[in-house]
Amino acid sequence: MHPCSSVLHLLLRCMRGCCRHTRSRVPRRLRRHVSYIRLIFKSLYFNSLTNSDVVTDSILEPVFWMVEVVTRWFGMVFVFLVVALTSSVVFIAYFCLLPLVLHTYSPGWMIWHICYGHWNLVMIVFHYYKATKTPPGYPPKMKTDVPFVSVCKKCIIPKPARSHHCGICKTCILKMDHHCPWLNNCVGHFNHRYFFSFCLFLTLGCMYCSVSGRHLFIDAYNTIDQLKHLEAEKQGVPVTGIGLLIGIVPSAGVAGKAVQEVSQPPYTYKDRMFHKSVIYMWVLTSTVSVALGALTLWHALLITRGETSIERHINGKEAKRLAKRGRVYRNPFSYGKLNNWKVFFGVEKRSHWLTRVLLPSGHAPYGDGLTWDIYPLKKDMMPV
């Protein structure tokens with residue numbers, strides 16, 4: 001038995017030596033990725049709290065990582081697309097539609113289109129600029145007396161209530177809603193109102209262009225369709241003079257008809273571009289109004305409930321967990337439907353619905369995003 005155990009001991013030592021030798025040949029960067037993948041798979045069965053969500057998140061971790069990298073590197077591209085597409089619609093409205101409005105509409109409708117269009121444009125530009133340039137808010141990195149609910153595993157700093165880590169910004173965000181690639185910025189405590197107002201007024205602007213330009217779109221589409229048919233059925237230019245003698249062209253009646261058709265004034269390049277611009281603007285604004293309108297309605301529902309996109313997911317899981325125990329979950333950050341909107345927009349008196357909601361306003365939101373004192377907001381902030 002002793003010789004056998006000695007042979008097994010030597011064999012194990014040889015295997016360990018071979019493993020170490022091959023491990024040393026593997027590049028350090030590759031070893032890191034292999035260790036990370038091994039850690040992910042080990043977490044599936046070593047974690048006592050493992051469930052279907054944990055398994056799904058672990059399997060989709062490479063996909064999340066790729067999305068974060070693409071979003072981080074192409075953030076400025078998305079911002080450029082927003083500015084370029086919005087500018088193209090404004091350009092068409094000024095140089096194609098505004099002259100038409102000034103020549104064909106009555107004075108009342110003319111004033112309405114000019115006033116509403118410029119007000120909507122100012123609100124879109126103001127809120128988009130503020131949403132992109134305003135920092136969402138970050139927790140203090142030094143030790144403070146601010147109460148916290150947990151410690152961020154990536155930042156290794158205390159996380160106040162409603163704070164979450166953004167993998168794209170590589171930091172924690174106060175009252176984080178989501179990272180918006182179209183802003184190249186996180187939507188958090190200090191710029192959440194700007195983001196929602198931008199979505200709201202851009203949706204209203206796209207709906208305004210889509211509804212008011214529907215007849216122009218139909219006319220432009222029919223005109224372009226007629227031009228395609230005319231080009232498909234276009235006849236050759238008739239030859240006069242000696243051509244009649246050698247039979248190149250048909251008889252005089254048919255030739256006269258062809259001359260009459262060719263002599264009709266064709267559409268110029270400017271006319272074609274006008275019709276194509278109208279079609280482009282209507283298709284773009286109609287598509288954006290549907291897609292962005294759905295997103296705006298979703299965020300309006302979240303604001304009514306007093307929660308963010310991340311908290312909606314967390315609160316849903318918590319409600320299911322308490323429902324199994326026969327208890328009802330209540331969102332501690334909801335102050336009532338109307339009060340949630342007042343807190344979100346910073347409305348403290350009736351005039352603020354005009355000066356802070358319907359007009360550009362750079363006022364700060366309620367609180368500092370670190371603590372959430374519920375008691376002062378339980379009573380109605382403004383009588384209705």
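The legends below describe close-up views of a predicted model.

**Figure 1. Overview of the predicted fold.** The protein has 384 residues, of which 32% are buried. Its secondary structure comprises 15 helices and 6 strands. Of the contacts between residues at least 6 apart in sequence, 66% link residues at least 24 apart.

**Figure 2. The second largest pocket and its lining.** The space in this pocket amounts to about 1,100 Å³. Its lining consists of 44 residues, and those nearest the centre are Val89, Gly205, Cys206, Cys209 and Thr285. By type, the lining of the second largest pocket holds 33 nonpolar residues, 11 polar residues and no charged ones. At least two lining residues come from each of helix H5 (75-104), helix H6 (107-133), strand S5 (178-180), helix H7 (192-212) and helix H11 (269-305). The most is given by H5, with 12 residues.

**Figure 3. The largest cavity.** Searching the whole structure gives 1 cavity of 30 Å³ or more. The volume of the largest cavity is about 280 Å³. It is lined by 21 residues, with Lys175, His192, Asn340, Val343 and Phe344 nearest the centre. H7, H11 and H13 are the elements that each contribute two or more residues to this lining. The lining of the largest cavity divides into 11 nonpolar, 6 polar and 4 charged residues.

Figure 4. Helix H13 spans residues 337-345 and is mostly covered, with 7 of its 9 residues buried. Those buried residues are Asn339, Asn340, Trp341, Lys342, Val343, Phe344 and Phe345. Asn340, Val343 and Phe344 are also among the residues nearest the centre of the largest cavity.

**Figure 5. Leu301 and Lys337.** Leu301 belongs to helix H11. Leu301 counts as partly exposed because its relative accessibility is 37%. Between Leu301 and Lys337 there are 36 places in sequence, while their C-alpha atoms are 9.7 Å apart in space.

**Figure 6. Surroundings of His189.** His189 sits in the loop between strand S6 (185-187) and H7. With a relative accessibility of 5%, His189 counts as buried. Its side chain reaches the backbone oxygen of Gly367 at 3.3 Å. Apart from neighbours within four places in sequence, His189 contacts Pro136, Leu174, Lys175, Pro365, Tyr366, Gly367, Asp368, Gly369 and Trp372. Lys175, one of these partners, is also one of the residues nearest the centre of the largest cavity.

**Figure 7. Glu311 in helix H12.** Helix H12 covers residues 309-324 and includes Glu311. Glu311 counts as buried because its relative accessibility is 6%, which is under 20%. The side chain of Glu311 reaches the backbone nitrogen of Thr308 at 3.1 Å. Leaving out neighbours within four places in sequence, the contacts of Glu311 are with Arg162, Gly306, Gly316 and Phe333.

Figure 8. A search of the whole structure finds 0 disulfides. Cys155 is in no disulfide, and the nearest cysteine sulfur, in Cys172, lies 3.8 Å away. For Cys172, the closest cysteine sulfur is that of Cys152 at 3.4 Å, which is too far for a bond because a disulfide requires sulfur atoms within 2.5 Å. Cys172 counts as buried, with 0% relative accessibility.

**Figure 9. Two loop residues with positive phi.** Most residues other than glycine have a negative phi. Lys170, which is not a glycine, has a positive phi of about 60°. Lys170 lies in the loop between strand S3 (164-166) and strand S4 (171-173). At 55% relative accessibility, Lys170 counts as exposed. Asn184 also has a positive phi, near 55°. The loop that holds Asn184 runs between S5 and S6. The relative accessible area of Asn184 is 30%, so this residue is partly exposed.

Technical notes:
Residues are numbered from 1 along each chain as its sequence is written. This is a predicted model: local features need pLDDT of at least 70, side-chain atom pairs count only at pLDDT 80 or more; totals for chains, interfaces and linings use all residues. Side-chain values use heavy atoms; hydrogens and water are left out. On a 1 Å grid over the protein atoms alone, a cavity is a set of points where a 1.4 Å probe fits but cannot get out, and a pocket is an open set with protein on both sides within 12 Å along at least five of seven lines; lining residues have an atom within 4 Å of a point. Grid points are joined across faces, edges and corners, and a volume is the space filled by probe spheres set on the points. Helices (H or I, at least four residues) and strands (E, at least two) are DSSP runs, numbered from the N terminus. Ala, Val, Leu, Ile, Met, Phe, Trp, Tyr, Cys and Pro count as nonpolar, Asp, Glu, Lys and Arg as charged, and the others, Gly among them, as polar. Buried means under 20% relative accessible area, exposed over 50%, partly exposed in between (1.4 Å probe, protein chains only). A polar contact is a pair of N or O atoms within 3.5 Å; within protein, one must be able to donate a hydrogen and the other to accept it, and residues adjacent in sequence count only if both atoms are side-chain atoms. Contact means heavy atoms within 4.5 Å.
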